[in-house]
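Here are a few friendly notes to read with the model open beside you.

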Amino acid sequence: MRSNEIRDLFLSFFESKNHKIFPSSSLVPDDPTLLFTAAGMVQFKPIFLGEKRPDYKRATTVQKCLRTTDIERVGKTARHLTFFEMLGNFSFGDYFKEDAIKWAWEFVTKQLKLPLDKLYTTIYEEDDEAHSIWRDVIGLSEDRIFRLGEDNFWSAGPTGPCGPSSEIMYDLGPDFGCGKEGCTVGCDCDRYLEIWNLVFMQFNRDENGNLIPLPKKNIDTGAGLERIARIMQGVKSNFETDVLYPIVSKVAEIAGVVYGVNPERDVSVKIIADHTRAVAFIISDGVLPSNEGRGYVLRRLLRRAVLHARLLGIEHMFIEKVIEAVVDTMKDTYPELVANKAFILRIAGNEERRFTDTLKQGLGILDQAIAQAKSEGRSSLAGDFVFRLYDTYGFPLELTIEIAEDHDLQVDEETFQNLMEEQRERARASWAGERELRHQEVYQEVNEEFGTAEFVGYEVDETLATVKAIIKNNVVVTDASEGDRVEIFLDKTPFYAEKGGQVGDKGTIATDTGRIVVEDTQEPLENVYIHIGRVASGKIHIDQQAKASVEVERRQSIRRNHTATHLLQWALRLVLGEHVKQAGSLVDADHLRFDLTHFAPITKEQLRKIEELVNSKIFKNEQVRTFITSYEFARETGAIALFDQKYGEFVRLVEVGNFSKELCGGTHVSNTSEIGLFKITSESSIGANTRRIEAVTNGAALKYLYNEEDAIKEAASLLKTEPSKVAEKITSLLQTIKSQEQQIESLRKKVAKEEIEELISEARQLNGAKIIINEVEVADMNALRSYADLLRERAGTSALLLASTTDGKVMLIAAATSDMVKAGFNAGDLIKKVAPLVGGGGGGRPDLAQAGGKKPEGIPKAFEEAWKEIQAMLKKK
């Protein structure tokens, strides 16, 4: 039975049991607590939690899933995969254990017709109810029911719905077992294969690990498609089923190996097939390679595939060919792979090329380190070196270990891991430093004493409030005087606190007795707004009435820039593609900055198109609406939310016209015409697959354009031409300069040739060789090396030391012909000897070495020492 038939049979079976069929959801879940969709129940999690009340009580799906918890076992066992398909049926407060068990048993025995003597079941050790159903209702004998521990208590992640489970196991026979005495259900070998897990969802595990009973009991089941296909197709592993074997075959073909002959090679073949399939699906769902989150998982999978390709002897680019096989194999069930094929190939191919360059660099450095370790008689590579190799070049630890083992060397993994942890601590400390406010106990004290504040800044820029707390030097005080640095907590505020990329408001807080200039606003705890500033005049007391006033002009500039950021994201997705996602932002009064996921530099044509789209919406005076709604409704309407941002049941939705919807807590204009004008000022890379756009709006945009215009007019004046002809004039001048530079270079070579002949004629003679020690005039070290090369070529058997001075700095180069090196000359040793005399240092090979220094007055002494050293070298030999 082919996989397509299994999928159809499963869905139609549960449809006949009144289940509603749903398509697979994305691998990228609509849940900030999860990196990837790891189970069929993920798309129904709000229902299990009672947050959503659907008009159906039963559902069934074939869900694409991704798990990397067992990544090290992939390829080494017959059953482990990173990407897989899960067949699932779900009950939301409807049927429970008995029907779930009965229907699962009916499907495997009646629909799939699996032999009864091959089937076993497991239950959670404390689940007597499930035990009774299997024994008394299904009729299984006691020796086919196994009570197990925590492995039979299932959850989709560290938090969320969970409950006891019962598994249906299939006995593949002793040939697949470990051979140990007492091998039975529960053994970790490949003999007893779990094909279906029935989860009796009764609890929700909160962030503190507490199990809270769900409002209604639910059912969540998951059966592995690849595992069932393996049994139904009579093959030895998941990798030989019809959903994986064509991919495995393509990898073997590219590697020039025969699958199934060499177990060690087969592991690499299977890893490449599995990981590439996962990579294709992850990219198709909009994830790009990066160094964190989902992008890091994608990058790790792709790089592991490349590493195992190298182990198979594949030195050329290969990933795109394997992806072609993935698309061809899976396209009928997942047509989105065909629609996104060009995008998938481009992203994966670019990442493979980048990593290949990394490997080349790293391998060269690693080879030198291995050679040095052996020459010094060491048995291992230092952990700090391995860490630098990883940190600087991205060279994977596992590859370093593998290559080191090939040379009978070990790796100091303990030091490596310690350095990795130190790096993580630095990152955490950096983050903590930026968010120091969040960790100071004084804010907890304010919160416990005075509660939270009411934010009214969406409606007004000024309000009357009461001074509830004054913080000075991290201590709550009753008053503050002129000149004091303070943090003020009010019971009500119009000041927006820094959040979501938008900077905090500035302004003033004034009472009858004093005035505070607010320089920043922060929110260290939820709804605890802290106004940071100084007492500009008078004295401030707690419990005073105060007028809190936001700096209106600055606030309006921030509003313009924040709404413009939403327009920019809309335009970016339109021009570059739906894969674009926000990777960071900054909105302040002067400009806006938007970081986005994208795999290539944005062309000037694309930037122009993006600008035109944004400005077209500004000029159309589109209405901007903000309102509070349920998170579920907002997401159903297509609103964009940020990954890693945890949202509550209700959210603030910002809607621009009928084209942009984002969950956002920031301040915005009421219509787009208030933005005035939008101008992109820069576009750059800030990391692999991450770009940064900076832009200005309104008056700042006009000022930017005026500055550009002034610069062009100034250039036109200097060039004595019209502003419209500046580029033409510069092109003409560059051609003239290039022609003159060629003439100068020709004259320089002519002069150099004459100088070289003169230097050769002045050379000292030693054992039939010419020894040239002299000072020359050149522009840089490259020119000095060229000089040395010409001298060696023209002089024949020779050794030399040349010096040159530029801007008070000394350049030295020592060189020799190959026969002089054989005679005992060593340029590297010579440079080390004389470089300190000019206040510098250097080194190099026996035939060529260089150095720099900062003491030109030391050149004569260096020349004297060089002549002595050269004589000594040639005498020794």
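1. Helices here are DSSP runs of H or I with at least four residues, and strands are runs of E with at least two, both numbered from the N terminus. Counted that way, the protein chain has 24 helices and 34 strands. This is a predicted model, where local features need pLDDT of at least 70, side-chain atom pairs count only at pLDDT 80 or more, and totals for chains, interfaces and linings use all residues. Residues are numbered from 1 along each chain as its sequence is written, and side-chain values use heavy atoms, with hydrogens and water left out.

2. On overall dimensions, the C-alpha trace spans about 110 × 85 × 55 Å along its principal axes. With contact meaning heavy atoms within 4.5 Å, residues 24 or more positions apart make up 67% of the contacts with a separation of 6 or more.

3. Of the 877 residues in the protein chain, 50% count as buried, that is, under 20% relative accessible area with a 1.4 Å probe, protein chains only.

4. For charge, Lys and Arg count as positive and Asp and Glu as negative, leaving out His and the chain ends. The protein chain has 112 positive and 136 negative side chains, and the centres of the two sets lie 4 Å apart. Each charge is placed at NZ of Lys, CZ of Arg, CG of Asp or CD of Glu.

5. How many disulfides does the structure hold? It holds zero, taking a disulfide as a pair of cysteine sulfur atoms within 2.5 Å. The sulfur of C65 is too far for a bond, because the closest cysteine sulfur, in C162, is 18 Å away. C65 counts as buried because its relative accessibility is 0%, and C664 counts as buried at 12%.
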